[in-house]
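Trainee: I would like to go through this model step by step, starting with its open spaces and then turning to its strands. Could you guide me through it?

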Amino acid sequence: MSYTITTSVGVSGSGVPTVSKTKSHTVENPQSFEVSVGIGVTDMLVNLAIDISQLLFLLIHTDQDLSMETNNSAAPQETFALDANNPLYWSKDAGVAVGSLFAGDVTKLYFTNASGVAANVVIILGLDATP
């Protein structure tokens, strides 16, 4: 079954033109996760499956500053510093290769919270079953 997911991005401000773009993605396998990362938690595991050849878009939002590692907490494939309320967003349509985000497929995310406040994380990804 196919699902339609809509993403949007926009820019506006003093001295610059307003630009807004909305994109509808038809995905076979949308995935979403909502997790809470407690105060002082180190390497909280979230299992997921990101086949980068099928990835259409990815959004990770947190309401507190967190560290995120991929695949292995001891020797991560990537490490990200996630800023509160500043989503990590990638879309195939943006023209930036997924290889600039992930070196390979991702099966695990590890979150560390040193912010002093429990963090709420939302992960949404869209996959194309027939890339």
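Trainee: What is the volume of the largest pocket?

Mentor: Please keep in mind that this is a predicted model, and that the value is computed from its atoms. Rolling a probe the size of a water molecule over the atoms shows where empty space is left. For the largest pocket, the volume comes to about 180 Å³.

Trainee: Which element gives the largest share of the lining of the largest pocket?

Mentor: The lining consists of T7, S8, V9, K21, T22, K23, H25, Y89, W90, S91, D93 and A94. The elements that contribute two or more residues to it are β1 (3-13), β2 (16-27) and β8 (88-91). The largest share, four residues, is given by β2.

Trainee: How many residues of the lining of the largest pocket are charged?

Mentor: Asp, Glu, Lys and Arg count as charged here, and the lining includes K21, K23 and D93. Sorted by class, the lining has four nonpolar and five polar residues, while the number of charged residues is three.

Trainee: Which residue in β9 does I50 stand opposite?

Mentor: Strand β9 covers residues 106-112 and runs antiparallel to β4, to which it is joined by five bridges. Within β9, the residue that stands opposite I50 is V106.

Trainee: By how many degrees are neighbouring strands turned against each other, on average, in the sheet β3-β10-β5-β8?

Mentor: This is an open sheet of four strands with antiparallel pairing, and its edge strands are β3 and β8. Between β3 and β10 the antiparallel pairing extends over seven bridges, and E34 stands opposite V122 in β10.

Trainee: Which element supplies the largest share of the largest nonpolar core?

Mentor: The largest nonpolar core has 28 residues, and those with the most contacts inside it are F111 and I123. At least two residues each are supplied by β3 (31-37), β4, β5 (55-62), β6 (66-70), β7, β8, β9 and β10 (119-127). The largest share, five residues, comes from β10.

Methods. Residues are numbered from 1 along each chain as its sequence is written. This is a predicted model: local features need pLDDT of at least 70, side-chain atom pairs count only at pLDDT 80 or more; totals for chains, interfaces and linings use all residues. Side-chain values use heavy atoms; hydrogens and water are left out. On a 1 Å grid over the protein atoms alone, a cavity is a set of points where a 1.4 Å probe fits but cannot get out, and a pocket is an open set with protein on both sides within 12 Å along at least five of seven lines; lining residues have an atom within 4 Å of a point. Grid points are joined across faces, edges and corners, and a volume is the space filled by probe spheres set on the points. Two strands pair if DSSP finds at least two bridges between them. A nonpolar core is a set of buried Ala, Val, Leu, Ile, Met, Phe, Trp, Tyr and Cys residues joined through side-chain atoms within 4.5 Å. Buried means under 20% relative accessible area, exposed over 50%, partly exposed in between (1.4 Å probe, protein chains only).
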